[in-house]
Amino acid sequence: MRKRPRLSPSPETAAVLGLARASRRAVMRGILASGALLGAGVTLAGCGTAGARKAEGSCVSDDLSAGEKTINFSNWPQYIDVDEKDESKRPTLLAFQQQTGIQVTYNEDINDNNEFFGKVRNQLAGCQPTGRDIMVLTDWLAARMIRLGWLQKLDKTNLPNVEAKRLLSLRARSFDTNDEYGVPWQSGIAGIAFNGTVAKDVRTVDELLTRPDLKGKVTALSEMRDTMGLLLQSNGHDPTKFTDAQFDDALEKLRKAVAGGQIRRFTGNDYAPELAKGDIVACIGWSGDVVQLAADNPKIQFVVPESGAIMFSDNMVVPNRSSHKSNAEKLMNHYYDPKVAAEVAAYVNYICPVEGAQAEAEKIDPELAKNPLIFPDHTILARTKVFMALDEAQERSYEQKFQQVIGA
């Protein structure tokens, strides 16, 4: 039986390898540190014009799946299972091709949400084919494309596994309330991480932002949705539905922590090696990183605060003018077979979005199946929420306020 490869023989190597895999998240979620999204946000606001937004039915896509057994699949690097002896082979994709006769062209051509948006925006705005049948997009970009009318609605009759096995916490999300457009590929949690070799347990956001022994040794994420989502929850607000006043209330708590020197800096994934070495002792971080770091140092722990944490997902979506939607839906359904989902989880180590996959993972690697950062129990999932979908004006406003506080 194939075993999951061990990724990290030492804390330093763990950090490096964790970043190698997690660099996908770094570029995807950490670019805000440079203010890149602010600039993009201004430009992308123009995509909300009548010429770019597509009303339902205004951009017709013909499905040629019955006669063309192909799929063009765009995903992030290192985000699917590979054969240990030949890393060019992806066993779960090969199995799908053998079972269905549908040939899959798999591209690892998404390295950054905004960059990828730039690749496809002109075609989608002009109702032209992108050459892709499935794209894997983070929640906020999927929400933007839904808002712009650039995605095709999925036929749920082609997705029985998805309908039956999607985690309850990933149903009816605020940007896709009827689960019509996006199918989660993998998920993760933004919460608290701490290094128990150099700090006492950190269990709440308020502790992180106020405890004197942590002063100057704390980092927070430059991703607005994750950091502010946690602060909103710590103030008793619902990150799936909040007001401007509630956002400002949470932002003031962050402002005080910055002004008081509690927070050293704001980061993407680059907190990981510092946390491993103990240069920082606690942070707001991502569950996927801690899986890597804790493999070599179990005292590095991830905490889902009682007040709540933020769950993010990368979602399979079908763009307008894809001509193989039914084929794409069959592939989505394939990956919601618990056996298949377990194979993917064994390699990527993010949260598996498929009910029943944990039992199948036990057959691959019992240690993997016990990991609550890959297979969270219902207690953890009940404390996670997805950040509210923002309209264009909210996105600009909240990002600008946040950037002013973090000094980006």
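**Entry 1**

I began with phenylalanine 73, which counts as buried because its relative accessibility is 0%. I note at the outset that the model is predicted. Tryptophan 185 has a relative accessibility of 3% and therefore also counts as buried, the cut-off being under 20%.

I then looked up the aromatic pairs and found 12 of them in the structure. In one of them, the ring centres of phenylalanine 73 and tryptophan 185 are 5.8 Å apart and the planes stand at 85°, so I recorded the pair as edge-to-face. I placed phenylalanine 73 in strand β1 (residues 70–74) and tryptophan 185 in strand β4 (residues 183–195); the pair therefore ties together parts that are 112 residues apart in sequence.

I also looked up a pair formed by phenylalanine 242 and phenylalanine 247. Their ring centres are 6.2 Å apart and their planes at 20°, so this pair is stacked. Both phenylalanine 242 and phenylalanine 247 are buried.

Which residues form one aromatic cluster with Phe73? I listed Tyr79, Tyr106, Trp185, Tyr335 and Tyr350.

**Entry 1. The chain as a whole**

I turned to the overall counts. The protein chain has 17 helices and 10 strands. It comprises 408 residues, of which 57% count as buried. I also looked up the sequence range of the contacts: among those between residues at least 6 apart in sequence, 77% join residues at least 24 apart.

**Entry 2. Helices α8 and α9**

I examined how helix α8 (residues 224–234) meets helix α9 (residues 244–259). Their axes come within 9 Å and cross at roughly 100°.

From α8, I recorded Met224, Thr227, Met228, Leu231, Leu232 and Ser234 in the contact. From α9, I recorded Gln246, Phe247, Ala250, Leu251, Lys253 and Leu254. By class, the residues of this contact divide into 8 nonpolar, 3 polar and 1 charged. Phe247 of α9 is also a member of the stacked pair noted in Entry 1.

**Entry 3. Threonine 227**

I followed one residue of that contact further. Threonine 227 is in helix α8.

I looked up the polar surroundings of the side chain and found one of its polar atoms 2.7 Å from the backbone oxygen of leucine 221. Leaving aside residues up to four places away in sequence, threonine 227 touches Ala220, Leu221, Leu254, Ile284 and Phe402. Of these, Leu254 is listed for α9 in the contact between the two helices.

**Entry 4. Aspartate 213**

I located aspartate 213 in the loop between α7 (205–210) and β5 (218–221). Its relative accessibility is 39%, so aspartate 213 counts as partly exposed. The side chain of aspartate 213 is joined to that of arginine 211 by a polar contact of 2.8 Å.

How far apart in space are the C-alpha atoms of aspartate 213 and valine 281? I noted 9.7 Å for this pair, with a separation of 68 residues in sequence.

**Entry 5. Alanine 164**

I found alanine 164 in helix α6 (residues 160–165). Alanine 164 counts as exposed because its relative accessibility is 54%, over the 50% cut-off. I also looked up its distance to glutamate 355: the two C-alpha atoms are separated by 8.3 Å, although the residues are 191 apart along the chain.

**Entry 6. Positive phi values**

Most residues other than glycine have a negative phi.

Glutamine 78, which is not a glycine, has a positive phi of about 55°. I placed glutamine 78 in the loop between β1 and α3 (91–100). With a relative accessibility of 44%, glutamine 78 counts as partly exposed.

Alanine 172 has a phi near 50°, likewise positive in a residue other than glycine. I placed alanine 172 in the loop between α6 and β4. Its relative accessibility is 47%, so alanine 172 counts as partly exposed.

Note on methods: Residues are numbered from 1 along each chain as its sequence is written. This is a predicted model: local features need pLDDT of at least 70, side-chain atom pairs count only at pLDDT 80 or more; totals for chains, interfaces and linings use all residues. Side-chain values use heavy atoms; hydrogens and water are left out. Helices (H or I, at least four residues) and strands (E, at least two) are DSSP runs, numbered from the N terminus. Buried means under 20% relative accessible area, exposed over 50%, partly exposed in between (1.4 Å probe, protein chains only). A polar contact is a pair of N or O atoms within 3.5 Å; within protein, one must be able to donate a hydrogen and the other to accept it, and residues adjacent in sequence count only if both atoms are side-chain atoms. Axes are lines fitted to C-alpha atoms, for helices over the stretch in contact, and angles run from 0 to 180 degrees between N-to-C directions. Contact means heavy atoms within 4.5 Å. Ala, Val, Leu, Ile, Met, Phe, Trp, Tyr, Cys and Pro count as nonpolar, Asp, Glu, Lys and Arg as charged, and the others, Gly among them, as polar. Rings of Phe, Tyr and Trp (its six-membered ring) pair if their centres lie within 6.5 Å; planes under 30 degrees apart count as stacked, over 60 as edge-to-face and the rest as tilted.
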